[in-house]
Amino acid sequence: MGRPKNDQLNISIEQRIEEAFWTLSEKNPIERISVVALSKEAHCNRGTFYYYFTDIYELLDRIIEKNIPTKLPNYLQAAIAGSLREEDIKAAILAERDRIDRLASLLSRSTSPYTNRRLKNSAIKVWAKAMGMTTEDLSSTDRLFFEFMASGLFGALAYHAEHPQEASYEELIHALLPVIPAITVAYFGRTGRTVPSRQLQEEPTAEDAAD
């Protein structure tokens, strides 16, 4: 099959399909979004969808990977050291707001264990990297710790999506900023690990800049 052509506005068909997903997810549970509906919304045919994605789940994986904030976990070291101010993390979150809003929307609308698992796995991968580990390094105890962290943070984001006036980002930051570093320090201390601090001194890498 030949590669489908981009539209006249220079927006790729891939982007159209992804945007169609977000449009449909505003009105439908993710589990009820079909390839037929996505193709219709994206103004392409099913064959074009399957050129780019094996199925809806591959599309979902791509969307999650694109929207997981990759810079925010590096602020954890500053928070642990006590040098992170609320205004600093607010600015960082505002810079990632579109991505975080979309993840919060996914969390509030999905009842699929698969969706929640993919979100958690992607987040844990990023967080582990920020803490100087890979997911392959994680013991079963480590995994439980990161699962606990992911469940709490994603629960807060879903609540924010459902109650944006009651639970603004400012409220979330104020409530969670003192708690997460304390929990992390306690866990690392108990397991005998040292919380890495090298990200605080390093300049962003080319890989980070591409995220």
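Me: Which residue forms a salt bridge with Glu-18?
Reply: In this predicted model, Glu-18 pairs with Lys-66, and the closest N and O atoms are 3.0 Å apart. The pair links distant parts of the chain, with Glu-18 in helix H1 (residues 13-25) and Lys-66 in helix H4 (residues 56-67), 48 residues apart.

Me: Is Glu-18 buried or exposed?
Reply: Glu-18 has a relative accessibility of 9%, so it counts as buried. Lys-66 is partly exposed, because its relative accessible area is 44%, and the limits for that class are 20% and 50%.

Me: Why would such side chains pair at all?
Reply: Side chains of opposite charge can pair when their charged atoms come close.

Me: And how many salt bridges are there by this rule?
Reply: The count comes to 12 salt bridges.

Me: What about Arg-62, then; which residue does it bridge to?
Reply: Arg-62 forms a salt bridge with Glu-58, with 3.9 Å between the closest N and O atoms. The cut-off is 4 Å, so this distance falls within it.

Me: Where do Arg-62 and Glu-58 sit relative to each other?
Reply: Both are in helix H4, and because they are 4 residues apart, about one helical turn separates them. Arg-62 is partly exposed at a relative accessible area of 26%, and Glu-58 is partly exposed as well, at 27%.

Me: Which residue meets Asp-61 in a salt bridge?
Reply: The side chain of Asp-61 meets that of Arg-118, at 2.7 Å from N to O. This pair also links distant parts of the chain: Asp-61 belongs to helix H4 and Arg-118 to helix H8 (residues 113-130), 57 residues apart. Arg-118 counts as partly exposed, with 24% relative accessibility.

Me: Which residues are linked in a network of salt bridges?
Reply: A network of salt bridges joins Arg-117, Lys-120, Arg-143 and Glu-147.

Me: Changing topic: where is His-160 found?
Reply: His-160 lies in helix H9 (residues 140-162). Its relative accessibility is 6%, so His-160 counts as buried.

Me: What does His-160 touch, leaving out residues up to four places away in sequence?
Reply: His-160 touches Asp-101, Ala-104, Ala-167, Ser-168, Tyr-169 and Leu-172.

Me: Back to H1. At roughly what angle do the axes of H1 and H7 cross?
Reply: The axes of H1 and helix H7 (residues 97-109) cross at roughly 50° and come within 11 Å. At that angle H1 is oblique to H7.

Me: Is the crossing left-handed or right-handed, and which residues make the contact?
Reply: The crossing of H1 and H7 is left-handed. On the H1 side the contact is made by Glu-19, Phe-21, Trp-22 and Ser-25, and on the H7 side by Arg-102, Leu-106 and Arg-109.

Me: Finally, the fold as a whole: how many helices and strands are there?
Reply: The protein has 13 helices and 0 strands.

Conventions:
Residues are numbered from 1 along each chain as its sequence is written. This is a predicted model: local features need pLDDT of at least 70, side-chain atom pairs count only at pLDDT 80 or more; totals for chains, interfaces and linings use all residues. Side-chain values use heavy atoms; hydrogens and water are left out. Helices (H or I, at least four residues) and strands (E, at least two) are DSSP runs, numbered from the N terminus. Buried means under 20% relative accessible area, exposed over 50%, partly exposed in between (1.4 Å probe, protein chains only). Contact means heavy atoms within 4.5 Å. Axes are lines fitted to C-alpha atoms, for helices over the stretch in contact, and angles run from 0 to 180 degrees between N-to-C directions. Angles under 35 degrees count as roughly parallel, over 145 as roughly antiparallel, 65 to 115 as roughly perpendicular and the rest as oblique. A crossing is left-handed if the near helix is turned anticlockwise from the far one by less than a right angle, and right-handed if clockwise.
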